[in-house]
Every structure is written in structure tokens, then in C-alpha cells.
Amino acid sequence: MMIGTNNMGGTIAAISTGQAPGGIGVVRISGPHAFEIGEKVFCPAYGRHLRDLPGYTAAFGKIQRNGKKVDDCVALVFRGPKSYTGEDVVEFSCHGGLYLTRQVLHAVLDAGAKLAGPGEFTRRAFLNGKMDLTQSEAVMALIGAEGSRAASLACAAEGGALTSKIESLAHRLEDLLAHLAAWADFPEEDVEEVASDKVEEILKNCDSAITRLLAGFEKGKLVREGIRTVIAGRPNVGKSTLMNLLVGGERSIVTPYAGTTRDVVEEKVSLAGVPLLLADTAGIRDSSDPIEEIGIAASRRRLEMAQLVLVIFDGSQELMREDEELMDSLPSVPVIAVVNKSDLDQRIDLKFLKRRFPSLVLISAKGGEGLEKLEEALSDLLGTAELDLVGGELFTDRQHSAALAAEKALREGLEALSLEMPLDAVTVCVEDALGALYELTGQRVSDEIVDKVFDQFCVGK
Ligand SMILES: Nc1nc2c(ncn2[C@@H]2O[C@H](COP(=O)(O)OP(=O)(O)OP(=O)(O)O)[C@@H](O)[C@H]2O)c(=O)[nH]1
Ligand SMILES: [Mg+2]
């Protein structure tokens with residue numbers, strides 16, 4: 001469906017770069033009157049009018065508003081349908097000042113463009129068939145990615161990997177439906193009878209593919225949203241040294257004195273491509289110092305909120321009562337035991353710790369040795385190493401609930417088969433599953449869902 005309307009309002013504009021001073025600021029115009037509007041404000045340095053430029057070419061000039069120069073500008077021209085939105089597009093790249101880009105935008109709006117709503121460029125790309133709904137969502141995920149794994153997942157989805165996975169499932173169900181329909185309509189003719197074990201096999205295959213996708217969603221959530229991670233341990237084991245190693249700078253104070261860290265020190269880091277919201281905490285022990293006690297209480301509260309704990313031990317010393325008390329009070333979330341100070345002579349009972357913690361690494365936080373082992377342990381423990389970074393995974397709640405609906409329908413189909421219900425009942429379930437998959441890719445989706453998706457976008461994208 002093309003959006004092109006005959007008034008200028010069908011042409012939208014917005015600042016497409018971030019709302020902060022930068023080297024370049026881009027104002028984008030899209031719609032049937034993009035060139036006309038662009039020419040009202042763009043004055044070419046060498047007389048090349050935008051309307052005469054072939055797609056994918058640039059012209060240098062200046063932007064004018066009310067007869068006055070606003071800024072120098074490089075205008076880029078894209079001719080529909082070979083553009084991001086599928087429509088005629090002009091992009092003005094100016095100096096990236098906040099005031100300047102707003103002036104350029106106002107000039108374009110004065111010339112007849114309408115201010116774009118959130119995600120309106122991408123919405124047009126979707127409506128013009130340039131991308132499906134999962135690819136549109138991937139654009140936002142790509143912009144919001146905070147670590148390499150989240151970026152890889154979004155990149156794969158933007159390239160259509162998730163769509164292909166869903167489409168291949170949908171094709172299997174479409175074939176099955178066609179066969180079921182032919183057999184139901186012409187049972188007496190030469191249509192091969194649908195063997196229920198064959199139907200069962202197809203439904204089971206599709207069901208397990210969807211179950212794998214749903215599991216990938218949960219793991220992907222960790223890499224997209226980050227994990228609240230607490231570094232805990234008794235005093236002086238090297239928690240703050242590890243924090244600084246992971247941050248790559250002096251974030252926490254490190255001293256040889258036990259009880260150095262008093263407050264919770266937070267920092268976002270990326271480890272094994274996974275964003276962690278790290279909290280370095282006060283060493284946990286019985287203390288009579290009222291200030292340290294407050295810090296220790298804060299450590300305990302943090303531990304209760306953690307999604308992942310790095311519990312640190314000092315490998316150069318035997319396990320102490322405080323270590324054991326801490327082990328007994330750990331929350332039931334994934335835990336990695338980090339035995340620190342591997343550069344010193346080791347006295348710790350490693351065998352005991354290994355029995356207690358299936359995930360255990362030896363490091364020297366001071367020297368940086370063992371960091372890769374910690375990364376491996378993190379990927380293994382969270383299962384993020386198994387994410388299909390190339391083949392595509394589900395990555396929004398909307399996609400997840402559509403996949404869940406498809407899984408439910410397939411399971412109902414399998415149940416109908418096992419109860420030896422008529423194949424009509426199975427057909428209804430397969431149709432439901434297929435409908436859920438079409439909704440996932442946006443092939444058949446309500447306006448409400450489309451609105452919801454694009455409302456989450458930023459203006460200018
Ligand atoms: N040899 C060696 N010393 C280390 C290592 N990691 C930390 N240390 C030393 O251990 C001492 C304590 O380090 P911190 O990082 O302050 O320990 P902490 O666990 O944060 O201590 P609190 O804040 O008091 O709970 C410092 O003197 C560090 O230099 C290591 O890998 N090897
Ligand atoms: Mg500390």
C-alpha cells in the first residue's frame with residue numbers, strides 16, 4: 001500500500017540524528033513532495049537542482065530560511081522506491097548543532113512538510129513493503145543495543161533472518177493445510193490420505209522449532225536488557241580490583257585494608273558481549289563499625305535483588321567463616337565463584353569449592369589473568385553462547401506472545417491427533433498456529449498492533 005497523498009502533508013520531515021551536538025546533523029524528508037519541499041529551502045552551490053539529481057547522489061549548497069542562510073549543507077537524494085521508506089527522500093546533512101538542525105527542520109516544515117511522528121519513516125518502509133514487522137522492530141533493537149550480542153541479534157533480524165525462520169515454519173504449515181483441505185474436500189478422489197503420523201511429525205517439528213525460539217527469547221532478553229550483577233565476598237578478597245578490571249578504569253577504591261568499600265559502586269560493563277549492571281559492594285563480615293555496618297546491610301540488600309552473583313574468594317588464604325556464611329546466604333540465582341589472587345601461592349580448598357559451585361574460575365584481578373575464563377563461564381552459565389546470532393531469534397514481547405500463541409495452537413493440534421479427533425479439528429489448530437505466525441511477521445496484523453510497534457520508536461527513525 002503506497003501512502004502518497006496529493007497534499008504536502010503526505011510528506012514528512014524530522015531530525016534523524018541524536019538530540020545532542022555532533023559533527024553532522026541530518027534532517028530527513030520523505031514523501032511525494034520531498035524534492036519540491038527540499039528545493040524551497042536548499043540553494044545548490046553549483047546550480048544542480050534536487051529534482052534533476054539521480055537517486056543516491058549528493059549536492060553541496062546551503063539551507064535558507066526567510067531568505068537568510070541557516071547553514072551549509074550536503075543534500076542526498078533517494079528516489080522511491082529505492083529509498084529507506086520506499087518514497088522519494090531528501091536528507092540534509094548540516095553541522096550537527098542542536099539549534100542549527102532545528103532551524104533546518106523549521107525551514108522544511110515552513111516549506112510544507114509535516115513533522116514526522118515516532119517511527120513514521122520506518123512505518124512507511126513497512127507499509128511500502130520494504131521490510132516486515134520483525135525487521136522494523138530490529139531497527140529499534142539495533143539502535144538500542146548495548147552489547148555485541150544484542151547488536152548481532154538485531155543485525156541478523158534486520159537482515160531478515162528471523163523472518164526467514166518464521167516463513168519456513170509457515171510454509172510447512174501451509175503445505176500441511178493444503179493437503180488436509182484437499183483430502184477433506186475430495187476424499188474419494190486420488191488425493192493421498194493424510195497419514196496422522198505424518199501430520200504428527202510435521203506438527204512436532206514445528207512445535208520444537210518454536211520452543212527453541214521461545215528459549216532463545218529468554219536468553220536474548222539477558223543480552224538486550226543487561227543483568228543486575230553483584231560482586232560479593234568477604235573484605236579484602238579483591239572485589240573492587242575485579243570491578244576496576246571489568247570497567248577498565250579506577251572506578252572503585254582499592255587498598256590493602258579490609259573494609260575499604262563502604263557504599264555500593266555501580267557501573268555498566270559489557271562482558272562476553274553481555275551488558276552487566278555491575279555492583280561492587282562492601283565486604284560482608286561481622287563489624288562493630290556503624291558506618292561499615294550500613295555498607296554491609298546495603299550489600300545484603302543488593303544480593304537479594306541480583307540476577308547474577310560473582311562471589312569472590314581469596315585463593316591465597318584458607319576459607320574463612322565469613323566465606324562460608326556468605327555461601328550459605330547466596331540468593332537462588334546463577335552464581336559464578338571467582339577464586340582471586342591466582343598469582344599468589346594457593347591455600348584455598350579448591351576441591352570443596354568446585355563441588356559447591358559448578359561454575360568456578362581462577363583469576364588474578366590485579367594482573368588481569370583469567371578474564372577470558374570468566375567470560376566463558378558467563379556465556380555458559382547464561383546460555384548466551386547458544387544464541388543463534390546469525391540465524392535469528394525472537395527479540396520483542398510482541399513476537400514472543402505471537403510465538404507462544406503458535407506453540408499453544410500446535411500443541412492443541414497434537415492433542416486433537418492423540419485423541420483421534422477428526423482431522424477438521426486439527427485443521428483449525430493449524431490455521432490458528434499459522435495465523436499467529438503471520439501476525440509475528442506482520443503479514444496479517446491489526447492496525448492496533450502496528451501502532452503499538454511504531455509508537456515505541458523515536459521521532460526521526
Ligand atoms: N596479589 C594480588 N593481590 C590482589 C589481587 N586482587 C586484589 N588484590 C589486592 O587485595 C587487596 C584488596 O583489594 P580490594 O579490591 O580493595 O578488595 P575488596 O574485596 O574490594 O575489599 P573491601 O572493599 O575491603 O571489601 C588490595 O591490596 C589489592 O591490591 C590479585 O589478583 N592478586
Ligand atoms: Mg572494595
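These notebook entries record what I looked up in a predicted model.

**Conventions.** I worked with a predicted model, in which local features need pLDDT of at least 70, side-chain atom pairs count only at pLDDT 80 or more, and totals for chains, interfaces and linings use all residues. Residues are numbered from 1 along each chain as its sequence is written, while chains are lettered from A and ligands numbered from 1 in the order in which they are written.

**Entry: nonpolar core.** I looked up the largest nonpolar core, which has 120 residues. Such a core is a set of buried Ala, Val, Leu, Ile, Met, Phe, Trp, Tyr and Cys residues joined through C-beta atoms within 7 Å. Buried means that 20 or more other C-beta atoms lie within 10 Å of the residue's own, exposed means 12 or fewer, and partly exposed lies in between, with C-beta atoms placed from the backbone. I noted V108, V338 and A433 as the members that touch the most others. Leaving aside residues up to four places away in sequence, I found A433 touching L173, A406, A409, L410 and G413; contact requires C-beta atoms, placed from the backbone, within 7 Å.

**Entry: helix 3 and helix 4.** Helices (H or I, at least four residues) and strands (E, at least two) are DSSP runs, numbered from the N terminus. I found helix 3 (residues 120–127) packed on helix 4 (residues 133–144) at an angle of about 160°, with the axes 9 Å apart. Helix 3 is therefore roughly antiparallel to helix 4. Angles under 35 degrees count as roughly parallel, over 145 as roughly antiparallel, 65 to 115 as roughly perpendicular and the rest as oblique. At the contact, T122, A125 and F126 of helix 3 meet L133, S136 and V139 of helix 4. Ala, Val, Leu, Ile, Met, Phe, Trp, Tyr, Cys and Pro count as nonpolar, Asp, Glu, Lys and Arg as charged, and the others, Gly among them, as polar.

**Entry: helix 5 and helix 7.** Helix 5 (residues 148–158) packs against helix 7 (residues 196–225) at about 120°, with axes 7 Å apart. Helix 5 and helix 7 are therefore oblique to each other. I saw R149, A150 and L153 of helix 5 meeting G220, V223 and R224 of helix 7. The contact of helix 5 with helix 7 has 3 nonpolar, 1 polar and 2 charged residues.

**Entry: helix 8.** I found 8 of the 9 residues of helix 8 (residues 239–247) buried. G248, which follows helix 8, has a positive phi, near 80°.

Technical notes:
Contact = placed C-beta atoms within 7 Å. Axes fitted to C-alpha atoms, helices over the stretch in contact; angles between N-to-C directions.
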